Amino acid sequence: MKYTISTRGKTFDFDMSKRVIIVPYSPEAITAVRGLYLLMRVIKGIPRIYGIPSGDLVESWKKEFFNRFLSLLKGETEVTKVYPQMDFEISTESLSVRGKIVRTALGVEMEVKKAPEVQGSGPSAMLTWTTSCRGIC
Amino acid sequence: MKLNPIILPFERVGFFYAFGQFVFASTEERPSGIPKALGIAAAMINGLVTMGELRQRVKGMTCTGSPSIPINCDEVPLNSLTPDVIEEIVMGLASEIAKPEDVVIIEGQSC
């Protein structure tokens, strides 16, 4: 899982598979690191998504994930009234989430890079990615 | 695997000075942690909440603390400790709390 955060013209990469990440000190780095904390909290807060209505499973899962992501991000920032001004991208092998925070406005868009396999049908259907990671890792 | 972030911001000494007693997990009379509306202070303190007690040796002093005993080092209360001692208490606490799935974000100027 990789987080790319850019703020005031500087871009920071955080590759979570590394054990230690060192970012040289600068005022922008503080914004980036606090933004990273915020995004990690959001990702951690997303539950396993159940009860997706029938129809296009991938499309409705995507919509549900998007809604959860946005509402968690809103929840984290609205309570504290702290909005780190940044562009961010969270990318895994199968999924990428791109977004932006400008003043108090949040924008998010997401993309499924690799379509998951649908196992079963009806209410018990499940989405699985063939990699060891399930969507988010 | 979902990673859990723990943040230690630049202001950690001040935050720990102010809210240090709230790192002990909830008892009947005291709720654990501090309100989320306090922002980065709450993010730090609520990440460090511990079930046990504080017991560390810092610069030759024995630092203790628990839900009933206020944090002190050799009977010196938290509010008269020097910043470098508080800094070491926070760092020690973070390294004790952190589990393999945790990411500890440490802010600092000299790295």
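This note sets out points on the disulfide and on the strand pairing in a predicted model.

1. Disulfide count and partners. The bond is formed by B:Cys63 and B:Cys73, with a distance of 1.9 Å between their sulfur atoms, which is within the 2.5 Å cut-off for a disulfide.

2. What the disulfide connects. In chain B, B:Cys63 belongs to strand β3 (residues 61–65) and B:Cys73 to strand β4 (residues 72–73), so the bond ties together parts that are ten residues apart in sequence.

3. Handedness. The S-S bond of B:Cys63 and B:Cys73 has a torsion of about 100°, and the disulfide is therefore right-handed.

4. Accessibility of the cysteines. B:Cys63 has a relative accessible area of 0% and is buried. B:Cys73 is likewise buried, at 0% relative accessibility. The cut-off behind this assignment is under 20% relative accessible area.

5. Strands β3 and β4 of chain A. Six bridges pair strand β3 (residues 86–91) of chain A with strand β4 (residues 95–102) of chain A, in the antiparallel sense. Within this pairing, A:Met86 lies opposite A:Ile101 of β4(A).

6. Strands β4 and β5 of chain A. β4(A) also pairs in the antiparallel sense with strand β5 (residues 105–112) of chain A, over eight bridges. A:Arg98 has A:Glu109 in β5(A) as its bridge partner. A hairpin with two residues between the strands is formed by β4(A) and β5(A), and A:Arg103 in the turn has a positive phi of about 50°.

How values were computed: Residues are numbered from 1 along each chain as its sequence is written. Chains are lettered from A and ligands numbered from 1 in the order in which they are written. This is a predicted model: local features need pLDDT of at least 70, side-chain atom pairs count only at pLDDT 80 or more; totals for chains, interfaces and linings use all residues. Side-chain values use heavy atoms; hydrogens and water are left out. Helices (H or I, at least four residues) and strands (E, at least two) are DSSP runs, numbered from the N terminus. Buried means under 20% relative accessible area, exposed over 50%, partly exposed in between (1.4 Å probe, protein chains only). Two strands pair if DSSP finds at least two bridges between them.
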